[in-house]
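Welcome! Here is a short briefing to read alongside the structure. Take a moment to look around before starting on the notes.

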Protein chains: 2
Amino acid sequence: MAAVTGASPAPDAPPRPGLRERKKIRTREAIRSAAYALIEQQGYDSTTVEQIAERAEVSPSTVFRYFPTKEDIVVTDEYDEPLLAELAARPAGEPWTDSVRYVIREAVRLALTERPETTRLRARLMLEVPAVRARMRETLTGTGRTLAETVAGRTGLDPRSLEVRVHVMSLIGGLLEATLYWAEHGHREDYADLADRAIDVIEHGPPAGKS
Amino acid sequence: MAAVTGASPAPDAPPRPGLRERKKIRTREAIRSAAYALIEQQGYDSTTVEQIAERAEVSPSTVFRYFPTKEDIVVTDEYDEPLLAELAARPAGEPWTDSVRYVIREAVRLALTERPETTRLRARLMLEVPAVRARMRETLTGTGRTLAETVAGRTGLDPRSLEVRVHVMSLIGGLLEATLYWAEHGHREDYADLADRAIDVIEHGPPAGKS
DNA sequence: CTCTCTCATGAGAGTTACTCTCATTTCATG
DNA sequence: CATGAAATGAGAGTAACTCTCATGAGAGAG
(Lines give C-alpha, C1' and ligand atoms only; values in the text may rest on other atoms or scores of the structure.)
Protein backbone atom coordinates (compact mmCIF):
# COMPACT_ATOMS: atom_id res chain seq x y z
CA MET A 1 0.00 0.00 0.00
CA ALA A 2 2.65 2.43 1.08
CA ALA A 3 4.58 4.65 -1.27
CA VAL A 4 4.21 2.25 -4.12
CA THR A 5 2.05 4.56 -6.13
CA GLY A 6 4.35 7.50 -6.05
CA ALA A 7 7.42 5.46 -6.95
CA SER A 8 9.93 6.58 -9.53
CA PRO A 9 8.01 6.41 -12.81
CA ALA A 10 6.20 9.71 -12.64
CA PRO A 11 8.46 12.73 -12.78
CA ASP A 12 7.06 13.78 -16.14
CA ALA A 13 6.46 10.70 -18.26
CA PRO A 14 4.15 11.91 -20.97
CA PRO A 15 5.34 9.26 -23.43
CA ARG A 16 5.30 6.13 -21.36
CA PRO A 17 3.70 3.51 -23.58
CA GLY A 18 4.44 0.71 -21.15
CA LEU A 19 4.38 -2.74 -22.54
CA ARG A 20 1.43 -3.60 -20.37
CA GLU A 21 -0.62 -0.64 -21.51
CA ARG A 22 -0.37 -1.81 -25.07
CA LYS A 23 -2.20 -4.94 -24.27
CA LYS A 24 -4.96 -3.05 -22.51
CA ILE A 25 -5.45 -0.80 -25.49
CA ARG A 26 -5.48 -3.77 -27.81
CA THR A 27 -8.03 -5.56 -25.67
CA ARG A 28 -10.18 -2.47 -25.59
CA GLU A 29 -10.10 -2.23 -29.34
CA ALA A 30 -10.71 -5.94 -29.73
CA ILE A 31 -13.87 -5.69 -27.65
CA ARG A 32 -15.07 -2.67 -29.53
CA SER A 33 -14.54 -4.06 -32.98
CA ALA A 34 -16.02 -7.39 -31.98
CA ALA A 35 -19.08 -5.54 -30.78
CA TYR A 36 -19.39 -3.45 -33.92
CA ALA A 37 -19.01 -6.47 -36.17
CA LEU A 38 -21.60 -8.52 -34.33
CA ILE A 39 -24.04 -5.67 -34.01
CA GLU A 40 -23.75 -4.87 -37.67
CA GLN A 41 -24.80 -8.33 -38.67
CA GLN A 42 -27.22 -9.26 -35.87
CA GLY A 43 -28.50 -5.99 -34.54
CA TYR A 44 -27.87 -4.47 -31.14
CA ASP A 45 -30.42 -6.26 -29.02
CA SER A 46 -29.71 -9.71 -30.34
CA THR A 47 -26.02 -9.32 -29.62
CA THR A 48 -25.15 -10.44 -26.12
CA VAL A 49 -22.15 -9.41 -24.13
CA GLU A 50 -21.17 -13.05 -23.97
CA GLN A 51 -20.96 -13.21 -27.74
CA ILE A 52 -18.88 -10.06 -27.83
CA ALA A 53 -16.56 -11.49 -25.22
CA GLU A 54 -16.16 -14.72 -27.10
CA ARG A 55 -15.36 -12.98 -30.34
CA ALA A 56 -12.89 -10.68 -28.66
CA GLU A 57 -11.32 -13.70 -26.98
CA VAL A 58 -11.76 -12.44 -23.48
CA SER A 59 -14.07 -13.41 -20.66
CA PRO A 60 -17.36 -11.62 -20.04
CA SER A 61 -15.89 -10.36 -16.78
CA THR A 62 -13.19 -8.58 -18.69
CA VAL A 63 -15.69 -6.89 -20.97
CA PHE A 64 -17.38 -5.36 -17.95
CA ARG A 65 -14.05 -4.38 -16.55
CA TYR A 66 -13.38 -2.30 -19.63
CA PHE A 67 -16.89 -0.99 -20.19
CA PRO A 68 -19.32 -0.41 -17.34
CA THR A 69 -22.32 -1.04 -19.55
CA LYS A 70 -22.98 -2.69 -22.87
CA GLU A 71 -23.96 0.65 -24.33
CA ASP A 72 -20.61 2.12 -23.44
CA ILE A 73 -18.87 -0.24 -25.80
CA VAL A 74 -20.62 1.54 -28.63
CA VAL A 75 -20.90 5.01 -27.20
CA THR A 76 -17.46 5.56 -25.79
CA ASP A 77 -14.80 7.24 -27.78
CA GLU A 78 -11.23 8.36 -27.33
CA TYR A 79 -11.79 11.51 -29.30
CA ASP A 80 -13.53 13.66 -26.73
CA GLU A 81 -10.48 14.63 -24.74
CA PRO A 82 -8.24 15.76 -27.59
CA LEU A 83 -11.13 17.70 -29.06
CA LEU A 84 -11.84 19.52 -25.86
CA ALA A 85 -8.14 20.25 -25.60
CA GLU A 86 -8.19 21.62 -29.11
CA LEU A 87 -11.13 23.78 -28.14
CA ALA A 88 -9.26 25.17 -25.18
CA ALA A 89 -6.29 25.87 -27.43
CA ARG A 90 -8.20 28.06 -29.85
CA PRO A 91 -7.23 31.75 -30.03
CA ALA A 92 -8.66 33.64 -27.08
CA GLY A 93 -10.09 36.39 -29.24
CA GLU A 94 -12.27 34.06 -31.27
CA PRO A 95 -15.95 34.06 -30.34
CA TRP A 96 -16.43 30.80 -28.52
CA THR A 97 -19.31 29.62 -30.66
CA ASP A 98 -16.98 29.89 -33.62
CA SER A 99 -14.47 27.82 -31.72
CA VAL A 100 -17.08 25.19 -31.13
CA ARG A 101 -18.03 25.24 -34.77
CA TYR A 102 -14.45 24.76 -35.77
CA VAL A 103 -13.87 21.88 -33.40
CA ILE A 104 -17.10 20.21 -34.43
CA ARG A 105 -16.10 20.39 -38.06
CA GLU A 106 -12.74 18.90 -37.20
CA ALA A 107 -14.37 16.10 -35.26
CA VAL A 108 -16.78 15.31 -38.05
CA ARG A 109 -14.08 15.37 -40.68
CA LEU A 110 -11.88 13.12 -38.59
CA ALA A 111 -14.60 10.62 -37.79
CA LEU A 112 -15.89 10.41 -41.33
CA THR A 113 -12.43 10.05 -42.82
CA GLU A 114 -10.94 7.57 -40.43
CA ARG A 115 -13.92 5.41 -39.51
CA PRO A 116 -16.82 6.19 -41.79
CA GLU A 117 -18.64 2.89 -41.25
CA THR A 118 -18.41 3.07 -37.51
CA THR A 119 -19.50 6.67 -37.42
CA ARG A 120 -22.61 5.96 -39.42
CA LEU A 121 -23.40 2.87 -37.42
CA ARG A 122 -23.11 4.80 -34.20
CA ALA A 123 -25.48 7.46 -35.44
CA ARG A 124 -27.92 4.79 -36.55
CA LEU A 125 -27.74 3.02 -33.22
CA MET A 126 -28.33 6.28 -31.44
CA LEU A 127 -31.45 6.72 -33.47
CA GLU A 128 -32.77 3.19 -33.17
CA VAL A 129 -31.72 1.94 -29.76
CA PRO A 130 -33.13 3.98 -26.89
CA ALA A 131 -30.58 2.66 -24.44
CA VAL A 132 -27.71 3.77 -26.64
CA ARG A 133 -29.29 7.14 -27.17
CA ALA A 134 -29.79 7.56 -23.44
CA ARG A 135 -26.23 6.65 -22.67
CA MET A 136 -24.98 9.02 -25.33
CA ARG A 137 -26.98 11.84 -23.83
CA GLU A 138 -25.55 11.07 -20.45
CA THR A 139 -21.94 11.12 -21.58
CA LEU A 140 -22.59 14.23 -23.63
CA THR A 141 -23.86 15.85 -20.47
CA GLY A 142 -20.47 15.13 -19.01
CA THR A 143 -18.60 16.76 -21.86
CA GLY A 144 -21.13 19.55 -21.55
CA ARG A 145 -19.89 20.27 -18.07
CA THR A 146 -16.32 20.43 -19.29
CA LEU A 147 -17.45 22.65 -22.10
CA ALA A 148 -19.09 24.95 -19.59
CA GLU A 149 -15.77 25.37 -17.81
CA THR A 150 -14.06 26.30 -21.03
CA VAL A 151 -16.79 28.68 -22.07
CA ALA A 152 -16.90 30.26 -18.67
CA GLY A 153 -13.16 30.74 -18.76
CA ARG A 154 -13.48 32.50 -22.07
CA THR A 155 -16.42 34.72 -21.27
CA GLY A 156 -15.80 35.37 -17.61
CA LEU A 157 -19.18 33.98 -16.67
CA ASP A 158 -19.79 31.60 -13.80
CA PRO A 159 -19.79 28.04 -15.16
CA ARG A 160 -22.13 26.99 -12.39
CA SER A 161 -24.76 29.57 -13.12
CA LEU A 162 -28.06 28.39 -14.47
CA GLU A 163 -27.65 30.54 -17.54
CA VAL A 164 -24.37 29.05 -18.66
CA ARG A 165 -25.55 25.55 -17.90
CA VAL A 166 -28.71 25.96 -19.90
CA HIS A 167 -26.91 27.49 -22.80
CA VAL A 168 -24.21 24.87 -23.01
CA MET A 169 -26.67 22.05 -22.62
CA SER A 170 -28.86 23.42 -25.36
CA LEU A 171 -25.81 23.52 -27.60
CA ILE A 172 -25.02 19.91 -26.80
CA GLY A 173 -28.63 18.93 -27.25
CA GLY A 174 -28.76 20.74 -30.55
CA LEU A 175 -25.74 18.93 -31.88
CA LEU A 176 -27.21 15.62 -30.81
CA GLU A 177 -30.43 16.53 -32.53
CA ALA A 178 -28.46 17.29 -35.66
CA THR A 179 -26.86 13.88 -35.45
CA LEU A 180 -30.22 12.18 -35.11
CA TYR A 181 -31.54 14.20 -38.02
CA TRP A 182 -28.55 13.15 -40.05
CA ALA A 183 -29.15 9.47 -39.33
CA GLU A 184 -32.88 9.82 -39.87
CA HIS A 185 -32.26 11.10 -43.36
CA GLY A 186 -29.93 8.29 -44.27
CA HIS A 187 -26.75 10.34 -43.79
CA ARG A 188 -27.49 12.07 -47.06
CA GLU A 189 -26.87 15.64 -45.97
CA ASP A 190 -23.54 17.03 -44.91
CA TYR A 191 -23.26 16.52 -41.19
CA ALA A 192 -21.04 19.53 -40.63
CA ASP A 193 -23.63 21.75 -42.26
CA LEU A 194 -26.37 20.32 -40.09
CA ALA A 195 -24.27 21.01 -37.04
CA ASP A 196 -23.75 24.56 -38.23
CA ARG A 197 -27.45 25.09 -38.66
CA ALA A 198 -28.09 23.70 -35.19
CA ILE A 199 -25.56 26.08 -33.67
CA ASP A 200 -27.19 28.92 -35.58
CA VAL A 201 -30.51 28.18 -33.98
CA ILE A 202 -28.98 28.15 -30.54
CA GLU A 203 -27.18 31.40 -31.19
CA HIS A 204 -29.84 33.40 -32.98
CA GLY A 205 -33.07 31.60 -32.29
CA PRO A 206 -35.20 29.85 -34.87
CA PRO A 207 -36.05 31.44 -38.21
CA ALA A 208 -38.91 33.86 -37.68
CA GLY A 209 -42.45 32.54 -37.99
CA LYS A 210 -45.79 34.25 -37.86
CA SER A 211 -46.43 34.49 -34.16
CA MET B 1 -71.84 6.61 -3.63
CA ALA B 2 -75.60 7.00 -3.49
CA ALA B 3 -76.33 8.37 -6.92
CA VAL B 4 -74.47 5.55 -8.58
CA THR B 5 -77.44 3.28 -8.22
CA GLY B 6 -79.66 5.80 -9.99
CA ALA B 7 -81.66 4.84 -13.03
CA SER B 8 -79.68 5.95 -16.06
CA PRO B 9 -75.91 5.61 -15.71
CA ALA B 10 -75.23 9.03 -17.08
CA PRO B 11 -77.25 11.74 -18.80
CA ASP B 12 -74.72 12.55 -21.47
CA ALA B 13 -71.45 10.98 -20.40
CA PRO B 14 -69.03 11.52 -23.26
CA PRO B 15 -66.37 9.89 -21.12
CA ARG B 16 -67.44 6.43 -20.05
CA PRO B 17 -65.76 5.88 -16.69
CA GLY B 18 -66.51 2.17 -16.80
CA LEU B 19 -66.50 0.26 -13.58
CA ARG B 20 -63.57 -1.75 -14.82
CA GLU B 21 -61.47 1.29 -15.63
CA ARG B 22 -61.73 2.48 -12.07
CA LYS B 23 -59.93 -0.54 -10.83
CA LYS B 24 -57.16 -0.05 -13.33
CA ILE B 25 -56.67 3.51 -12.26
CA ARG B 26 -56.66 2.49 -8.62
CA THR B 27 -54.10 -0.22 -9.28
CA ARG B 28 -51.94 2.25 -11.15
CA GLU B 29 -52.04 4.64 -8.25
CA ALA B 30 -51.43 1.87 -5.76
CA ILE B 31 -48.27 0.85 -7.56
CA ARG B 32 -47.05 4.40 -7.82
CA SER B 33 -47.61 5.29 -4.20
CA ALA B 34 -46.14 2.01 -3.05
CA ALA B 35 -43.07 2.82 -5.10
CA TYR B 36 -42.76 6.34 -3.77
CA ALA B 37 -43.16 5.22 -0.18
CA LEU B 38 -40.56 2.48 -0.46
CA ILE B 39 -38.12 4.61 -2.39
CA GLU B 40 -38.40 7.40 0.11
CA GLN B 41 -37.36 5.17 2.96
CA GLN B 42 -34.95 2.77 1.24
CA GLY B 43 -33.64 4.64 -1.75
CA TYR B 44 -34.25 3.87 -5.39
CA ASP B 45 -31.71 1.18 -6.05
CA SER B 46 -32.43 -0.85 -2.96
CA THR B 47 -36.11 -0.95 -3.80
CA THR B 48 -36.97 -3.91 -5.98
CA VAL B 49 -39.97 -4.25 -8.21
CA GLU B 50 -40.95 -7.28 -6.20
CA GLN B 51 -41.20 -5.19 -3.06
CA ILE B 52 -43.25 -2.60 -4.84
CA ALA B 53 -45.59 -5.28 -6.14
CA GLU B 54 -45.99 -6.80 -2.72
CA ARG B 55 -46.79 -3.49 -1.10
CA ALA B 56 -49.25 -2.61 -3.84
CA GLU B 57 -50.81 -6.04 -3.42
CA VAL B 58 -50.33 -7.08 -7.00
CA SER B 59 -48.02 -9.51 -8.72
CA PRO B 60 -44.71 -8.42 -10.25
CA SER B 61 -46.17 -9.31 -13.64
CA THR B 62 -48.87 -6.75 -13.14
CA VAL B 63 -46.40 -4.04 -12.27
CA PHE B 64 -44.68 -4.56 -15.60
CA ARG B 65 -48.01 -4.57 -17.33
CA TYR B 66 -48.68 -1.09 -16.06
CA PHE B 67 -45.18 0.30 -16.35
CA PRO B 68 -42.75 -0.91 -18.99
CA THR B 69 -39.74 -0.14 -16.81
CA LYS B 70 -39.11 0.48 -13.16
CA GLU B 71 -38.14 4.04 -13.92
CA ASP B 72 -41.47 4.72 -15.52
CA ILE B 73 -43.22 4.19 -12.23
CA VAL B 74 -41.50 7.28 -10.98
CA VAL B 75 -41.21 9.26 -14.16
CA THR B 76 -44.65 8.88 -15.66
CA ASP B 77 -47.30 11.43 -15.03
CA GLU B 78 -50.89 12.08 -16.06
CA TYR B 79 -50.31 15.79 -16.30
CA ASP B 80 -48.59 16.03 -19.63
CA GLU B 81 -51.64 15.68 -21.84
CA PRO B 82 -53.86 18.28 -20.18
CA LEU B 83 -50.96 20.68 -20.12
CA LEU B 84 -50.25 20.29 -23.80
CA ALA B 85 -53.95 20.75 -24.46
CA GLU B 86 -53.89 23.92 -22.41
CA LEU B 87 -50.94 25.09 -24.45
CA ALA B 88 -52.82 24.50 -27.67
CA ALA B 89 -55.79 26.39 -26.26
CA ARG B 90 -53.85 29.57 -25.58
CA PRO B 91 -54.82 32.68 -27.59
CA ALA B 92 -53.41 32.48 -31.09
CA GLY B 93 -51.96 35.96 -30.95
CA GLU B 94 -49.78 35.26 -27.94
CA PRO B 95 -46.09 34.70 -28.69
CA TRP B 96 -45.62 31.01 -28.26
CA THR B 97 -42.75 31.27 -25.82
CA ASP B 98 -45.08 33.25 -23.60
CA SER B 99 -47.60 30.46 -23.91
CA VAL B 100 -44.99 27.97 -22.85
CA ARG B 101 -44.03 30.14 -19.93
CA TYR B 102 -47.63 30.35 -18.84
CA VAL B 103 -48.21 26.63 -19.08
CA ILE B 104 -44.99 25.85 -17.26
CA ARG B 105 -45.98 28.14 -14.42
CA GLU B 106 -49.34 26.43 -14.25
CA ALA B 107 -47.73 23.02 -14.19
CA VAL B 108 -45.33 24.00 -11.47
CA ARG B 109 -48.02 25.60 -9.37
CA LEU B 110 -50.24 22.55 -9.74
CA ALA B 111 -47.51 20.06 -8.93
CA LEU B 112 -46.22 21.96 -5.93
CA THR B 113 -49.68 22.54 -4.52
CA GLU B 114 -51.17 19.14 -4.99
CA ARG B 115 -48.21 16.83 -4.46
CA PRO B 116 -45.29 18.82 -3.08
CA GLU B 117 -43.50 15.81 -1.57
CA THR B 118 -43.73 13.76 -4.70
CA THR B 119 -42.62 16.62 -6.89
CA ARG B 120 -39.51 17.21 -4.83
CA LEU B 121 -38.73 13.53 -4.62
CA ARG B 122 -39.01 13.21 -8.37
CA ALA B 123 -36.63 16.08 -8.92
CA ARG B 124 -34.21 14.56 -6.46
CA LEU B 125 -34.38 11.17 -8.11
CA MET B 126 -33.77 12.77 -11.47
CA LEU B 127 -30.66 14.31 -10.05
CA GLU B 128 -29.35 11.28 -8.21
CA VAL B 129 -30.40 8.26 -10.27
CA PRO B 130 -28.98 8.23 -13.78
CA ALA B 131 -31.54 5.73 -15.02
CA VAL B 132 -34.40 7.93 -13.89
CA ARG B 133 -32.80 10.97 -15.42
CA ALA B 134 -32.31 9.13 -18.68
CA ARG B 135 -35.88 7.93 -18.79
CA MET B 136 -37.12 11.41 -18.03
CA ARG B 137 -35.11 12.81 -20.89
CA GLU B 138 -36.56 10.21 -23.19
CA THR B 139 -40.16 10.92 -22.32
CA LEU B 140 -39.50 14.64 -22.47
CA THR B 141 -38.23 14.11 -25.98
CA GLY B 142 -41.63 12.67 -26.75
CA THR B 143 -43.49 15.68 -25.39
CA GLY B 144 -40.94 17.76 -27.26
CA ARG B 145 -42.19 16.30 -30.51
CA THR B 146 -45.75 17.14 -29.64
CA LEU B 147 -44.63 20.59 -28.66
CA ALA B 148 -42.98 20.97 -32.02
CA GLU B 149 -46.30 20.27 -33.73
CA THR B 150 -48.00 22.94 -31.67
CA VAL B 151 -45.27 25.47 -32.22
CA ALA B 152 -45.17 24.75 -35.90
CA GLY B 153 -48.91 25.20 -36.13
CA ARG B 154 -48.58 28.59 -34.46
CA THR B 155 -45.64 29.88 -36.39
CA GLY B 156 -46.25 28.27 -39.74
CA LEU B 157 -42.86 26.58 -39.68
CA ASP B 158 -42.28 22.97 -40.61
CA PRO B 159 -42.28 20.88 -37.43
CA ARG B 160 -39.94 18.39 -39.04
CA SER B 161 -37.30 20.92 -39.96
CA LEU B 162 -34.01 20.73 -38.18
CA GLU B 163 -34.41 24.27 -36.96
CA VAL B 164 -37.70 23.74 -35.17
CA ARG B 165 -36.54 20.46 -33.73
CA VAL B 166 -33.37 21.94 -32.35
CA HIS B 167 -35.14 24.91 -30.91
CA VAL B 168 -37.87 22.91 -29.21
CA MET B 169 -35.42 20.40 -27.86
CA SER B 170 -33.22 23.10 -26.44
CA LEU B 171 -36.26 24.49 -24.70
CA ILE B 172 -37.07 21.11 -23.23
CA GLY B 173 -33.45 20.57 -22.29
CA GLY B 174 -33.31 23.97 -20.67
CA LEU B 175 -36.34 23.29 -18.54
CA LEU B 176 -34.89 19.98 -17.46
CA GLU B 177 -31.65 21.70 -16.60
CA ALA B 178 -33.63 24.16 -14.51
CA THR B 179 -35.25 21.28 -12.68
CA LEU B 180 -31.89 19.70 -11.95
CA TYR B 181 -30.55 23.04 -10.78
CA TRP B 182 -33.54 23.37 -8.52
CA ALA B 183 -32.97 19.97 -6.95
CA GLU B 184 -29.24 20.55 -6.71
CA HIS B 185 -29.84 23.66 -4.65
CA GLY B 186 -32.18 21.92 -2.25
CA HIS B 187 -35.35 23.32 -3.85
CA ARG B 188 -34.61 26.63 -2.23
CA GLU B 189 -35.22 28.86 -5.21
CA ASP B 190 -38.54 29.39 -6.88
CA TYR B 191 -38.83 26.80 -9.60
CA ALA B 192 -41.05 28.91 -11.83
CA ASP B 193 -38.43 31.66 -11.79
CA LEU B 194 -35.71 29.22 -12.71
CA ALA B 195 -37.81 27.99 -15.60
CA ASP B 196 -38.32 31.57 -16.71
CA ARG B 197 -34.61 32.23 -16.66
CA ALA B 198 -33.98 29.09 -18.65
CA ILE B 199 -36.49 30.12 -21.28
CA ASP B 200 -34.87 33.55 -21.39
CA VAL B 201 -31.54 31.99 -22.23
CA ILE B 202 -33.07 29.96 -25.02
CA GLU B 203 -34.87 32.99 -26.40
CA HIS B 204 -32.20 35.63 -26.11
CA GLY B 205 -28.97 33.76 -25.61
CA PRO B 206 -26.84 33.85 -22.49
CA PRO B 207 -26.01 37.09 -20.73
CA ALA B 208 -23.14 38.73 -22.58
CA GLY B 209 -19.61 37.83 -21.53
CA LYS B 210 -16.25 39.11 -22.63
CA SER B 211 -15.70 37.10 -25.78
C1' DC C 1 -80.43 -13.97 -13.76
C1' DT C 2 -77.29 -16.71 -16.45
C1' DC C 3 -74.28 -17.78 -20.04
C1' DT C 4 -70.55 -16.39 -22.70
C1' DC C 5 -66.63 -13.67 -24.18
C1' DT C 6 -63.17 -10.66 -23.16
C1' DC C 7 -59.66 -8.98 -20.68
C1' DA C 8 -56.97 -8.30 -16.53
C1' DT C 9 -54.33 -11.00 -13.40
C1' DG C 10 -51.13 -14.53 -11.28
C1' DA C 11 -47.73 -17.94 -11.60
C1' DG C 12 -43.66 -19.58 -13.24
C1' DA C 13 -39.87 -20.35 -16.25
C1' DG C 14 -36.29 -18.15 -18.97
C1' DT C 15 -33.00 -14.50 -20.58
C1' DT C 16 -29.48 -11.17 -19.83
C1' DA C 17 -27.05 -7.35 -18.11
C1' DC C 18 -24.44 -6.56 -14.42
C1' DT C 19 -21.89 -7.39 -9.47
C1' DC C 20 -18.70 -9.63 -6.28
C1' DT C 21 -15.36 -12.72 -4.82
C1' DC C 22 -11.47 -15.56 -5.23
C1' DA C 23 -7.91 -18.15 -7.47
C1' DT C 24 -4.57 -17.92 -11.29
C1' DT C 25 -1.81 -15.94 -14.52
C1' DT C 26 0.95 -12.18 -16.44
C1' DC C 27 3.76 -8.35 -16.31
C1' DA C 28 7.01 -4.93 -13.77
C1' DT C 29 11.00 -4.41 -10.79
C1' DG C 30 14.76 -4.92 -7.57
C1' DC D 1 15.39 -14.94 -10.37
C1' DA D 2 12.30 -13.45 -6.86
C1' DT D 3 8.72 -10.59 -5.18
C1' DG D 4 4.79 -7.64 -5.53
C1' DA D 5 1.09 -5.71 -8.21
C1' DA D 6 -2.14 -5.75 -11.61
C1' DA D 7 -5.01 -8.08 -15.08
C1' DT D 8 -7.73 -11.95 -16.09
C1' DG D 9 -10.93 -15.97 -15.67
C1' DA D 10 -14.33 -18.61 -13.42
C1' DG D 11 -18.39 -18.95 -11.04
C1' DA D 12 -22.11 -17.75 -8.16
C1' DG D 13 -25.66 -14.37 -7.38
C1' DT D 14 -29.11 -10.51 -8.20
C1' DA D 15 -32.75 -8.16 -10.41
C1' DA D 16 -34.99 -6.25 -14.30
C1' DC D 17 -37.44 -7.55 -17.69
C1' DT D 18 -40.10 -11.16 -21.31
C1' DC D 19 -43.31 -14.89 -22.63
C1' DT D 20 -46.63 -18.24 -22.02
C1' DC D 21 -50.45 -20.26 -20.10
C1' DA D 22 -54.13 -21.07 -16.87
C1' DT D 23 -57.61 -18.77 -13.99
C1' DG D 24 -60.82 -15.42 -12.41
C1' DA D 25 -63.51 -11.26 -12.63
C1' DG D 26 -66.26 -7.87 -15.31
C1' DA D 27 -69.30 -6.60 -19.49
C1' DG D 28 -72.95 -7.66 -22.59
C1' DA D 29 -76.62 -10.76 -24.81
C1' DG D 30 -80.23 -13.66 -24.11
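A cavity here is a set of grid points, laid over the protein atoms alone, where a 1.4 Å probe fits but cannot get out. Rolling a probe the size of a water molecule over the atoms shows where empty space is left. Please keep in mind that this is a predicted model. Searching the whole structure turns up four cavities of 30 Å³ or more.

**The largest cavity**

- The volume of the largest cavity is about 290 Å³.
- Its lining is made up of 18 residues, and those nearest the centre are A:Arg137, A:Gly173, B:Arg137, B:Met169 and B:Gly173.
- Two or more lining residues come from each of these elements: α8 (130–155) and α9 of chain A, and α8 (130–155) and α9 (162–184) of chain B.
- By residue type, the lining of the largest cavity has eight nonpolar, six polar and four charged members.

**Around DNA strand D**

- DNA strand D is surrounded by 21 residues, with A:Lys24, A:Ser59, A:Thr62, A:Arg65 and B:Lys70 the closest.
- Of the atoms of DNA strand D that come within 4 Å of the protein, 57% belong to sugar and phosphate.
- Which element gives the most to the surface near DNA strand D? The answer is α3(A), with four residues.
- At least two residues of this surface are supplied by each of α1 (19–42) and α3 (60–66) of chain A and α1 (19–42) of chain B.
- The surface near DNA strand D divides into eight nonpolar, seven polar and six charged residues.

**Polar contacts with DNA strand D**

- On the base side, a polar side-chain atom of A:Ser61 sits 3.2 Å from a base nitrogen of DNA strand D.
- For B:Lys70, a polar backbone atom lies 2.7 Å from a phosphate oxygen of DNA strand D.
- For B:Val49, a polar backbone atom is 3.4 Å from a phosphate oxygen of DNA strand D.

**Two residues with positive phi**

- A:His187 is not a glycine, yet its phi is positive, at about 55 degrees.
- You can find A:His187 in the loop between α9 (162–184) and α10 (191–204) of chain A.
- Is A:His187 buried or exposed? A:His187 counts as buried because its relative accessibility is 16%, and buried means under 20%.
- B:Glu57 also has a positive phi, near 60 degrees, in a residue other than glycine.
- Look for B:Glu57 in the loop between α2 (49–56) and α3 (60–66) of chain B.
- With a relative accessible area of 73%, B:Glu57 is exposed.

Note on methods
Residues are numbered from 1 along each chain as its sequence is written. Chains are lettered from A and ligands numbered from 1 in the order in which they are written. This is a predicted model: local features need pLDDT of at least 70, side-chain atom pairs count only at pLDDT 80 or more; totals for chains, interfaces and linings use all residues. Side-chain values use heavy atoms; hydrogens and water are left out. Buried means under 20% relative accessible area, exposed over 50%, partly exposed in between (1.4 Å probe, protein chains only). On a 1 Å grid over the protein atoms alone, a cavity is a set of points where a 1.4 Å probe fits but cannot get out, and a pocket is an open set with protein on both sides within 12 Å along at least five of seven lines; lining residues have an atom within 4 Å of a point. Grid points are joined across faces, edges and corners, and a volume is the space filled by probe spheres set on the points. Ala, Val, Leu, Ile, Met, Phe, Trp, Tyr, Cys and Pro count as nonpolar, Asp, Glu, Lys and Arg as charged, and the others, Gly among them, as polar. A residue is near a molecule or strand if one of its heavy atoms lies within 4 Å of it. A polar contact is a pair of N or O atoms within 3.5 Å; within protein, one must be able to donate a hydrogen and the other to accept it, and residues adjacent in sequence count only if both atoms are side-chain atoms.
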